[in-house]
Amino acid sequence: MTDIVYLNGDYIEKSSAKISVLDRGFLFGDGIYEVIPVYKSSPFRLAEHIERLNYCANAIGLNSPHDLAQWQSIIDTVIEKNGGGHLSIYLQLTRGVEQQRQHDFPENTPLTVLVMANPLSPAIAKLSAIKTTLLDDIRWQNCHIKSISLLGNILLHQQAKALGYQEAILHREGIITEGSTTNVFLVKNNEIYTPPKSHHILGGITRELIIEFCQQLSIVVHQQQITIDDIYQADEVWLASSSREISPVTQINDKIIATGAIGPTTQKVHKAFQAFKQSLMTQGS
């Protein structure tokens, strides 16, 4: 795969792409990002991703430099220059380069715009159970903003790994928020529960897609507060993200969830997810 990125109006080799040491993204993590799956050279739900990008930009006082049609053109060109097919697009905006390091927002500074592509992981045909731990959610109060400042997430994820777990499920005073890199779902009495959108949760596109699958399968979904007790007493638990898709959780700390097996509702939703993804990857073949 050719590694061509878009950086501030130019399409160049990734290895040649450079930013200033005075870029506020580099100095402060002052920026936002999106990750967009591409199936058969077509960006998935691009309008929804750009809508979230614009929301996050506005939340931190940025004006998106492009409208939807312009983003479409840039992303399509990056896809074409990287050989097309199934890809993952990474799009990042920072507040740009200033004359000196300072906390005040610079005035009339062009944003730094980066768009690059990576190979998209193939369909995950087989579910693989994971073990997780519960950790205090130490992150900032605006997790609904898709910020490039991910140090809190990284520290929590590494803490979980150091304890021998594959992911962390986070909570604030006993109320479940999300995973360090995932959204949380549980099943109780054949109904699904997931924390509602709030400033403590990133409303993922994959999260919304899973809720749609559940509705199509006539599975009741409750978007409501979940406690630590709720998750320990669940019949099934899984984590979801664009990279993990659906990861069944069979153990949290030393507590086995239900029977310790991957539950039927998890399998049903996973099957619907994979069928949908496969249809996108093979349409028109």
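Tutor: Let's start with a term: helices (H or I, at least four residues) and strands (E, at least two) are DSSP runs, numbered from the N terminus. This is a predicted model, where local features need pLDDT of at least 70, side-chain atom pairs count only at pLDDT 80 or more, and totals for chains, interfaces and linings use all residues. Residues are numbered from 1 along each chain as its sequence is written, and side-chain values use heavy atoms, leaving out hydrogens and water.

Student: Which strands each supply at least two residues of the lining of the largest cavity?

Tutor: On a 1 Å grid over the protein atoms alone, a cavity is a set of points where a 1.4 Å probe fits but cannot get out, and lining residues have an atom within 4 Å of a point. The lining here includes Val237 and Val249. The strands you want are β13 (236–241) and β14 (245–252).

Student: Which strand gives the largest share of that lining?

Tutor: Look for the biggest contributor. With 3 residues, that's β14.

Student: What share of the 285 residues of the protein chain counts as buried?

Tutor: Buried means under 20% relative accessible area (1.4 Å probe, protein chains only). By that cut-off, the share is 49%.

Student: What percentage of contacts between residues at least 6 apart in sequence join residues at least 24 apart?

Tutor: Contact means heavy atoms within 4.5 Å. For the protein chain, the answer is 72%.

Methods: On a 1 Å grid over the protein atoms alone, a cavity is a set of points where a 1.4 Å probe fits but cannot get out, and a pocket is an open set with protein on both sides within 12 Å along at least five of seven lines; lining residues have an atom within 4 Å of a point. Buried means under 20% relative accessible area, exposed over 50%, partly exposed in between (1.4 Å probe, protein chains only).
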